[in-house]
Amino acid sequence: MSIVEVNGRSTDHQTQPASTEIGGGGMEVALVGLVTGTILVLAAVAAALICLSPVPARSASNDVPVQSQTTTTTAAAEISWLVCGTGQNNPLVAPRGVTVSERTGEIVLANTGSHRIEIYDLQGRPRGGYPHQALRADGSMAEGEPHWVAVDASGRTLVSDNLDASVDVLDVQGHSLKRFKLQEDANSPSGSSPGALALLADSVIVVASRGNAGRIHFFSPDFVALGSWGDSGLAPGQLSQITGIAAAPTGELVVICANTELAIQIFARDGKFVRGFGKHDLGPGTFSFPSGVAVSADGRIYVSDEIRQLVQAFEMSGNYIGSLGTPGTRPGEFRYPSAVATYGKNTLVVTERVGSRFQLYATK
Amino acid sequence: MKRVISLLAACALLSIALPALAGDYHSGTSLICSDCHVAHFSQSHALSGPIVPFGPAGPYEFLLRNEVNDLCLTCHNGQPFAPDVFGVNGGAARNRLAGGLNAAPGHMANDAGYSADDGHTLWSTATAPGGTFSHATDGLECVDCHSQHGQTPTQYRNLKSSTSPSDKFFGKTVTYAIGVQDLTKDVFERSAASYAEADVDYNEPNTTKSAYGAWCASCHTNFHGSGGDANMGSVSGGDATTATPWLRHPQADVNIGAHASYISSLSQFSNHTNRVKVMDSQGIWTGLAGDNTVTPSCFSCHKSHGNQNSFGLIFMKGTGTVTEEGDGGVYKDLCRQCHVQGG
């Protein structure tokens with residue numbers, strides 16, 4: 001996504017611009033949200049108003065999405081927001097994790113409060129979904145609380161569920177193919193439970209531990225454990241309470257934690273700490289609660305902050321680019337953004353736990 | 001305005017210079033002022049250029065970023081790093097001691113199995129049963145019971161306490177010890193930040209009172225009491241020979257099995273494999289091996305936050321797998337933890 005330079009507030013806008021202007025450093029940039037301009041996006045917006053035919057591979061969805069769009073014109077660009085996931089038959093209730101399948105371009109979203117996985121296209125139209133059941137400690141199955149999701153190169157959906165001690169591997173219809181567990185961590189019982197998920201370019205699966213264990217686990221595409229690393233703690237280079245993980249185009253891993261000194265930390269694949277940034281402090285580029293992370297194809301890091309109601313963008317170097325969003329219910333505003341996902345360079349998806357919806361926007 | 005600026009300045013200084021302590025929880029390493037508060041309800045404090053204000057729903061009282069319950073539940077619901085206090089347990093603690101809260105209609109959806117009044121109901125404007133307290137404007141909030149900033153001296157779970165005679169929490173304290181038992185403290189936590197049932201037990205520093213029960217009575221005034229309280233019948237320790245020995249179930253002052261006339265049996269209690277939580281002045285809690293000082297209190301029958309049973313009651317029949325709802329028992333099984341049916 002290209003950075004848009006904005007000087008002053010827009011004069012022709014329907015909503016308050018959800019942006020901050022970050023000056024100084026010779027690079028006056030402001031990430032102001034959307035810049036629409038491609039025929040594809042315009043066509044998608046128009047198409048979003050049309051009823052959809054059901055997708056045969058999943059539980060069919062005839063939902064007509066209730067979407068609202070706003071367009072903001074600034075001095076430099078046109079910005080559009082697409083609010084999705086409202087008014088559908090299976091309502092979004094406290095959604096958390098989200099990902100975009102590189103293979104199909106579909107959005108896969110953890111509808112946590114409704115115990116479901118939902119599928120959408122890149123225009124935000126429902127494509128189907130299915131319930132997710134968790135395997136409880138006593139061996140019984142129960143309605144799950146899917147939290148983190150990922151889609152592998154074969155199109156299988158991987159789910160970390162709050163109530164399940166294993167990663168569930170699902171086919172396109174939501175049937176569980178396999179469950180695999182993390183290596184036990186004696187120091188932290190919850191550390192053996194899976195949390196955030198990511199996929200590397202070679203289809204290796206990356207699973208972060210929950211809790212204080214601060215471990216990153218690796219699995220082959222056929223779910224064979226390849227090893228793990230991570231030093232539990234709060235200092236730079238240490239991990240604790242991992243809330244998100246994303247693979248960068250450089251092959252590095254971007255990890256966000258809820259209570260470490262640096263919210264965003266970049267590690268080489270072998271676990272070597274590269275750099276970190278995003279302190280728990282006041283001001284731009286700092287965080288209160290980093291809830292989700294995604295890295296775009298051009299290496300831009302997006303991190304949602306569920307307390308500050310915004311998404312912040314950084315370069316891999318740690319340079320702060322800008323922020324998106326403010327608290328609120330209108331397009332471009334967030335109510336507790338819980339996760340982010342990117343697709344290519346131009347698409348960003350943000351789920352809202354309290355807003356019970358997700359928002360799509362593309363930049364140019 | 002000056003006071004607000006001074007307050008915020010002081011807050012900022014504290015967060016930089018010293019760790020801001022709030023009991024064992026919400027310490028300066030986990031939270032800072034700006035996590036929950038904003039000075040002017042704006043996103044940016046730039047001296048020039050666009051100021052991005054927050055959305056239309058605020059500003060909120062006490063300079064908060066957002067509405068209280070939603071703000072608290074951002075961390076305390078389904079997150080791996082903080083105790084999950086709402087609905088189904090999505091956190092680390094197995095069998096939460098306090099159980100899970102529920103929400104009033106029109107707010108966030110309740111988790112499966114939970115419904116309003118299965119314990120404490122966030123956003124509820126109802127009057128506390130047995131009492132007069134209600135939060136009529138915003139409904140029940142986390143901060144109605146818990147001190148979000150902590151207090152001095154620290155209280156168990158940051159439960160509210162006050163030195164103001166007009167405050168309903170005036171003089172109410174619930175003390176605790178961590179790691180090493182101290183029978184002079186009301187609660188024993190076996191390790192820090194313990195939230196599971198097995199990690200916490202209740203002492204009885206005063207054998208005629210329950211600090212925990214007295215704290216609950218701050219809002220649930222007449223619901224239960226100690227033996228000597230007027231709402232209980234004014235007879236300390238209970239007495240079957242009086243005309244009205246008990247008016248309400250005691251939450252202190254009466255040991256299980258101490259009064260055969262009330263059909264409570266220590267052996268009934270101690271013979272269960274699964275027992276409800278009780279107070280004990282000896283720190284044993286089993287009723288076995290001469291432990292005849294076990295006393296029921298509020299938490300014996302109710303989960304503090306709630307569960308999937310009505311009123312957060314714990315249906316414990318005495319055997320089976322223990323969950324936050326009990327162990328698969330029914331209502332009468334709770335009574336039969338201590339009482340012999342038909343006796």
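## A look at chains A and B

In chain B, buried residues make up 43% of the 343 residues; a residue counts as buried if 20 or more other C-beta atoms, placed from the backbone, lie within 10 Å of its own. This is a predicted model, where local features need pLDDT of at least 70, side-chain atom pairs count only at pLDDT 80 or more, and totals for chains, interfaces and linings use all residues. Residues are numbered from 1 along each chain as its sequence is written, while chains are lettered from A and ligands numbered from 1 in the order in which they are written.

Chain B holds 7 helices and 7 strands, which are DSSP runs numbered from the N terminus (helices: H or I, at least four residues; strands: E, at least two).

Now let's visit a sheet in chain A. Four strands make an open, antiparallel sheet in the order E24-E25-E26-E27; two strands pair if DSSP finds at least two bridges between them. Here are its edge strands, each of which pairs on one side only.

| Edge strand | Residues |
|---|---|
| E24 (chain A) | 290-295 |
| E27 (chain A) | 320-324 |

Strand E26 of chain A (residues 310-315) pairs with E27(A) in the antiparallel sense over 4 bridges. Ala313(A) has Gly322(A) in E27(A) as its bridge partner.

Elsewhere in chain A, Gln359(A) sits in strand E32 (residues 357-362). Is Gln359(A) buried or exposed? Gln359(A) is buried, because 28 other C-beta atoms lie within 10 Å. From Gln359(A) to Pro327(A) is 32 residues in sequence and 14 Å in space, C-alpha to C-alpha.

Conventions: Buried ≥ 20, exposed ≤ 12 C-beta atoms within 10 Å, placed from the backbone.
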